[in-house]
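Here is my note on the model, point by point. Please keep the structure open as you read.

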Amino acid sequence: MTPNDFLPVLITFFVVGGFAGITLIATHILGPKRYSKEKHDIYECGLDYIGDSRKPFSVKFYLVAVLFVIFDLEVVFMYPWAVNFRHLGLFGFVSMGIFLVILTVGLLYEWKKGALEWE
Amino acid sequence: MLDLSIVMSMAFLVEKSIVTVFIFIVVLAVVAYATLGERKIAGYLQDRHGPNRAGIGKHKLWGILQPIADGTKFFMKEDIIPDKANKILFVLAPTFTFCAAGFIMAAIPFGDRITIFGREVLLQIADINLGILYILAIGSLGVYGIAMGGWASNNKYSLMGGLRTVSQMISYEIVMGLALVALMIDHGTPALRQIVIQQSGPIWHWSVFSHPLGFLLFYISVFAECSRMPFDLPEAENELVAGYHTEYSSMKFGLFQFGEYTHMTLASCFIATLYFGGWTIPWVAVPENPGLIWGIISFGVLWIKALFFLFVFMWVRWTLPRFRYDQLLYLGWKKLIPLAIFNIFLTAGLILLFQKFGIAG
Amino acid sequence: MQGVMFIVLALVTLFSALMVITRKDPVSSILYLVLTFFCFAGFYVLLGAQFLAAVQIIVYAGAIAVLFLFVVMMLNLREPEAEEGKELIPIWKPLGYAVGIGVGIVFLSYLASSPGPAIPPLNGGDEIYAMGRADFLGKALFTDFILPFEIAGVLLLAAVLGAVALAKKKRV
């Protein structure tokens, strides 16, 4: 495993990205362009739109994102453990057990506090 | 005199470029026909024909040219960017969604080695040691295309659709990660080619038989990640018009659609690879010196398995009703995540027991 | 090959990092931040730390930047109006320059004293690169560094409690 093994990944990036780019340019050139005020307005079920969509939204989404970051970190810690589990044996089981119990306490806390409720 | 290592690496680059382009074309073809397949399956499930007109000349051939007709129409439509939209992000969003889906293909083992013109070529773009982690990493980037599309459109429906999708995808990403941890405990590596080879032999070597719960969790989270039917809230048309792509037209909309189907197709390949033996055939040993025929067969075997899961995606879509948004998050956080943690302990505990009593797990 | 890759990556990183702090539109700023994180992952790959590269993308680009994006979208930032000439406190600008120059001097003096870039040689054998794999990292983490690992768990617990306490406070 050397960095050279990642060159094909880079090739994939170029191939897929190139395809998407060419597609967008092609559709821009091929399609007709007729400007009209109504057509280029924001869609709101056919009525004139009211206000702006740059509105603050529920703090719930933010809470989900925060919890996601924390749990994602937890999962990231588990990958190197999982790969080595067969060598670590009972010791690995217990150490990850402690780690997970600590985090399950967190999950239970937010559960009891109602952070997972979406009303 | 030419440096031999440069010649070697040039040959390597050329070989990999050809493999990449070949696999990409196959994926695109499958994706294009998946759009037709979806409508056909929807048709049969609802006791009607589905698209059946776009054939060759007089022969309708079950609408075999429908994807080409659709594609042409996408290209010829007007490319509208709303006045109030953030122009750059609005154009970038579909590109990003499609790319994030397409990049997944780099790590998937599409087949065994194949011998062409005396050169042994691996039917996998990058046999990297990261495998699963690479796919998880790229999958976690898919969120941006949708968030960008929702935000840049400056439309209330788009914004709500985008936000919902992001929350849903990140919640189920944890479930997916936890389910894969259990799988990695068993295989001891995130490298996909090794995982496939470990599953060769009798059919009960397939991981789905040793990880039934993990497979179920993973499969559910794949549905949520692709925002497919029971979880297609981002596009809940009776609430949000069309969600984050309400304002999109022409091929920009097409790329969103294409991205969704690419994501589904490659996710099907990923499921087949992880839990159903990938390109191996049950009871058939992986040959030491694979020739041309074996390479083609292994490639075909993976696609047969993947197409089955692609079919299940569509079958489910036209069978199940949609979740409500709070139900979706409850399911993710209150049911699936605790279940996934339990699954990890179960797997780890069983492996310890097997090790203790000397049974090869 | 790796030298060329490094220079290309470094240029892209510098460009996107500059864009992060110069964009007026906060959402574009964050997208450039994601690009910067992606480039960091590229550096990790060049250094042979593949697992860290994946973690860099999963955690930073895939999770933390999503959080930033949510915050920015939530703060109701529309296309920013020009606010030039509206200095908050006149001391901030010179202070900022001073800190910037100071940090720059520290970095440059470090660079001057360090023995040069630590990129492993391309033909340096697989052992060097194997160090960056998940299994090697795991072996170290679960033998020598087991206590820091468990403490990290406590830290994450504290983060959960903090997040819930902050977000739930406003509710009646």
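1. Start with a term. Helices and strands here are DSSP runs, at least four residues long for a helix and at least two for a strand, and they are numbered from the N terminus. With that in hand, read chain B from its N terminus: the order is α-α-α-β-β-α-α-α-α-α-α-α-α-α. That gives twelve helices and two strands. Bear in mind that this is a predicted model.

2. Next, the overall form. Chain B has a radius of gyration of 22 Å, close to the 21 Å that the globule rule gives for 361 residues, so it is as compact as a globular protein of that length. The C-alpha trace spans about 65 × 55 × 50 Å along its principal axes.

3. Now the inside. Of the 361 residues in chain B, 55% are buried. Take the contacts between residues at least 6 apart in sequence: 78% of them join residues at least 24 apart.

4. Look at helix α2 of chain B, residues 66–76. Here B:Q66, B:P67 and B:F74 are buried. Why do they share a side of α2(B)? They cover an arc of only 100° around the axis, which puts them on the same side. The face turned away from that buried side carries B:I68 and B:T72, both exposed.

5. Finally, a helix pair. Two packed helices are described by the angle between their axes and the distance between the axes. For α8(B), residues 212–225, and α12(B), residues 325–356, the axes come within 10 Å and cross at roughly 145°. The crossing is left-handed. From α8(B), B:L213, B:G214, B:L217 and B:I220 meet B:L336, B:L339, B:A340 and B:N343 of α12(B). This contact has six nonpolar residues, two polar and no charged ones.

Terms used:
Residues numbered from 1 in each chain as written. Chains lettered and ligands numbered in written order. Predicted model: local features only at pLDDT ≥ 70, side-chain atom pairs only at ≥ 80, totals over all residues. Buried ≥ 20, exposed ≤ 12 C-beta atoms within 10 Å, placed from the backbone. Arc of directions from axis to C-beta. Rg over C-alpha atoms; globule rule 2.2 N^0.38 Å. Contact = placed C-beta atoms within 7 Å. Axes fitted to C-alpha atoms, helices over the stretch in contact; angles between N-to-C directions. Left-handed = near helix turned anticlockwise from the far one by under 90°. Nonpolar A, V, L, I, M, F, W, Y, C, P; charged D, E, K, R; others polar.
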